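I want to go through the model step by step and jot down what I look up.

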Amino acid sequence: MKTKKQNKSSAFEKFATNVSKAAGSTPAFIGAFLIVVAWAISGPIFDYSETWQLVINTGTTIITFLMVFLIQKAQNKDSLAIQLKLNELVASNEYSSNSLVDIESMTEEEMIIVQKYYHRLSELAKKDESIRNSHSIAEALEQHERKDKNRTKSRTRNINKK
């Protein structure tokens with residue numbers, strides 16, 4: 001349940017979100033394109049002077065510089081929201097590894113180790129007969145070893161029957 005305090009966003013946060021959405025829109029692209037076309041058409045009028053070039057260079061530099069921070073602010077918020085949603089999914093599933101709940105605070109080296117575990121899980125899953133068999137690295141390894149033992153026993157019985 002949200003309270004009034006939880007609903008309040010900083011003015012900068014609201015501004016960053018709205019500007020990021022607007023900047024990524026079709027009308028914003030068309031507007032920017034028309035500005036560049038108008039600037040290019042005005043070149044002969046200003047005899048392609050240094051001032052004419054400086055106008056577009058300065059304008060685009062300032063806009064780019066400010067947009068980097070606005071878009072990053074909006075991206076940080078979106079990234080945090082996604083992380084929280086994923087954390088909820090991981091925490092709510094009884095078969096998932098809870099060690100992944102706070103994975104974003106791990107170092108890159110630690111994440112690479114986890115990635116290697118999941119690569120191993122992928123390799124084990126490719127060997128399985130069904131894609132619904134494993135849920136975690138530890139469980140996948142145990143199930144894979146159990147299946148291998150059962151397959152070996154089954155093959156041995158079949159060979160002995162012949």
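**Entry 1: the overall picture**

I started with the accessible surface of the protein, which comes to about 13,500 Å², with 61% of that belonging to carbon and sulfur atoms. My areas come from the Shrake-Rupley method with a 1.4 Å probe, and for residues only the protein chains shown count as cover.

A note on the ground rules: this is a predicted model, where local features need pLDDT of at least 70 and side-chain atom pairs count only at pLDDT 80 or more, while totals for chains, interfaces and linings use all residues. Residues are numbered from 1 along each chain as its sequence is written, and side-chain values use heavy atoms, with hydrogens and water left out.

I then looked up the confidence, given as pLDDT (the predictor's confidence in each residue, from 0 to 100). The protein averages a pLDDT of 83, and 85% of the residues score at least 70. Confidence is lowest in helix H1 (residues 4-7), at a mean of 53, and highest in H3, at 96. A reminder to myself: where pLDDT is low, the predicted coordinates should not be read in detail.

Next came the elements: I find six helices and zero strands. Helices (H or I, at least four residues) and strands (E, at least two) are DSSP runs, numbered from the N terminus.

How much of the protein is buried? Of its 162 residues, 15% count as buried. Here buried means under 20% relative accessible area, exposed over 50%, and partly exposed in between (1.4 Å probe, protein chains only).

For contacts (heavy atoms within 4.5 Å), I noted that residues 24 or more positions apart account for 30% of those with a separation of 6 or more.

**Entry 2: helix H2**

I checked the length of H2: it has 13 residues and reaches 18 Å from its first C-alpha to its last, close to the 18 Å expected at 1.5 Å a residue. The expected span is 1.5 Å times one less than the number of residues.

Which residues of H2 are buried? They are Glu 13, Ala 16, Thr 17 and Ser 20. These cover an arc of only 95° around the axis, which puts them on the same side of H2. The arc is that of the directions from the helix axis to the C-beta atoms. On the face turned away from the buried side I find the exposed residues Ala 11 and Asn 18.

The buried residues of H2 pack against H4. I took Ser 20 as my example: Ser 20 sits in helix H2 (residues 11-23) and is buried at 18% relative accessibility. Leaving aside residues up to four places away in sequence, Ser 20 touches Leu 70, Ile 71 and Ala 74.

**Entry 3: aromatic rings**

A pair of aromatic rings is described by the distance of the centres and the angle of the planes. My rule: rings of Phe, Tyr and Trp (its six-membered ring) pair if their centres lie within 6.5 Å; planes under 30 degrees apart count as stacked, over 60 as edge-to-face and the rest as tilted. By this rule I count four aromatic pairs.

Trp 39 and Trp 52 have ring centres 4.0 Å apart and planes at 5°, so the pair is stacked. Trp 39 lies in helix H3 and Trp 52 in helix H4, so this pair ties together parts that are 13 residues apart in sequence. Trp 39 is partly exposed at 22%, whereas Trp 52 is buried at 9%.

Phe 65 and Phe 69 are an edge-to-face pair, because their centres are 5.1 Å apart and their planes lie at 75°. They are four residues apart in helix H4, about one helical turn. Phe 65 is exposed at 52% relative accessibility, and Phe 69 is partly exposed at 48%.

I also found one aromatic cluster, formed by Trp 39, Tyr 48 and Trp 52.

Most residues other than glycine have a negative phi, and most peptide bonds are trans. With that in mind I looked up two backbone angles.

Asp 47, in the loop between helix H3 (26-41) and helix H4 (50-92), has a positive phi near 55°. Asp 47 is exposed, at 63% relative accessibility.

Tyr 48 is found in the loop between H3 and H4 too, and its phi is positive as well, near 50°. Tyr 48 is partly exposed at 47%.
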